[in-house]
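Reader: I am new to this structure. Please show me how to read it, one feature at a time.

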Amino acid sequence: MTRIYVGPTSLYSLGQVGELSLLDAFDGDIVIPEPVIGEVQVEPTATNLTEYRENDIDTGVDEDHIDQARSLLGDSELGAAVTVLAGVLAHRTSDDRSAVAVVSEDRTVRRMAQGLCAEVTSSFGVVVRAAIEDKYLKPSQAKRIVRRIDQHGMHLTGELRERAVGEVA
């Protein structure tokens with residue numbers, strides 16, 4: 001994957017439990033547009049995000065595609081969803097679904113990104129990927145992270161949580 005756009009919902013999930021560094025398991029450039037950062041104001045996520053951004057995270061907005069993203073979403077404000085989808089529009093290719101990805105819990109953003117040929121995952125997918133890709137993150141640690149995220153507000157149904165935990169194993 002070339003560019004991975006992260007939305008505020010996933011930043012909240014991973015930031016609440018201090019696990020934003022798991023985003024580094026992706027093979028590509030993490031992009032957190034400024035409007036997304038602006039929506040992350042809850043502690044400890046905001047502090048954890050400030051520290052994570054010290055790793056030279058791209059915060060740019062793909063200005064050339066803002067109007068098209070606004071039109072697709074029917075949204076006049078330059079918010080997180082618009083900037084994430086503008087990034088997808090700027091970097092997508094129909095023959096390579098791995099050219100751009102979105103990490104978000106927002107159903108509208110996820111559906112739209114998938115329809116625009118982007119890979120899509122959630123904060124739980126980030127944990128699963130990190131467990132698979134990172135030889136230092138043991139499955140038992142990943143399971144604890146999934147449970148902590150679940151306890152901090154991103155609730156899963158029992159079936160989905162067991163599926164996420166099962167995929168880690």
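**Reading the model**

Author: Start with one residue. Arg-147 sits in helix H8, which spans residues 139–151. Keep in mind that this is a predicted model.

Reader: Is Arg-147 buried, exposed or partly exposed?

Author: Look at the relative accessible area. Arg-147 has 34%, so Arg-147 is partly exposed.

Reader: How far apart are Arg-147 and Phe-124, in sequence and in space?

Author: Count along the chain, then go from C-alpha to C-alpha. The two residues are 23 apart in sequence. In space, 9.8 Å separates their C-alpha atoms.

Reader: Let me step back. How many helices and strands are there?

Author: The protein has nine helices and four strands. Read from the N terminus, the order is β-α-β-α-α-α-α-β-α-β-α-α-α.

Reader: How do I read a pair of packed helices?

Author: Two packed helices are described by the angle between their axes and the distance between the axes. Take H1, residues 8–16, and H7, residues 123–133. Their angle is about 55 degrees, and their axes lie 9 Å apart. H1 and H7 are therefore oblique to each other.

Reader: Which residues make the contact between H1 and H7?

Author: H1 brings Ser-10, Ser-13 and Leu-14. H7 brings Ser-123, Val-126 and Val-127. By class, three are nonpolar, three are polar and none is charged.

Reader: Is Ser-10 buried or exposed?

Author: Under 20% relative accessible area counts as buried. Ser-10 has 0%, so Ser-10 is buried. Leaving out residues up to four places away in sequence, Ser-10 touches Val-103, Ser-104, Glu-105, Ser-122 and Ser-123.

Reader: What about the nonpolar core?

Author: In soluble globular proteins, nonpolar side chains tend to be buried together. Here the largest nonpolar core has 47 residues. Val-6, Leu-11, Leu-23, Ile-30, Ile-32 and Val-127 have the most contacts inside this core. Helix H5, residues 80–91, supplies the largest share, with seven residues.

Reader: Which residues does Ile-30 contact, beyond its neighbours within four places in sequence?

Author: Ile-30 is in contact with Ile-4, Val-6, Leu-23, Tyr-52, Ile-57 and Asp-58.

Reader: And the protein as a whole?

Author: It has 169 residues, and 46% of them are buried. The accessible surface comes to about 8,600 Å². Carbon and sulfur atoms account for 43% of that surface. Now take contacts between residues at least 6 apart in sequence: 65% of these join residues at least 24 apart.

Note on methods
Residues are numbered from 1 along each chain as its sequence is written. This is a predicted model: local features need pLDDT of at least 70, side-chain atom pairs count only at pLDDT 80 or more; totals for chains, interfaces and linings use all residues. Side-chain values use heavy atoms; hydrogens and water are left out. A nonpolar core is a set of buried Ala, Val, Leu, Ile, Met, Phe, Trp, Tyr and Cys residues joined through side-chain atoms within 4.5 Å. Buried means under 20% relative accessible area, exposed over 50%, partly exposed in between (1.4 Å probe, protein chains only). Helices (H or I, at least four residues) and strands (E, at least two) are DSSP runs, numbered from the N terminus. Contact means heavy atoms within 4.5 Å. Axes are lines fitted to C-alpha atoms, for helices over the stretch in contact, and angles run from 0 to 180 degrees between N-to-C directions. Angles under 35 degrees count as roughly parallel, over 145 as roughly antiparallel, 65 to 115 as roughly perpendicular and the rest as oblique. Ala, Val, Leu, Ile, Met, Phe, Trp, Tyr, Cys and Pro count as nonpolar, Asp, Glu, Lys and Arg as charged, and the others, Gly among them, as polar. Accessible areas come from the Shrake-Rupley method with a 1.4 Å probe; for residues, only the protein chains shown count as cover.
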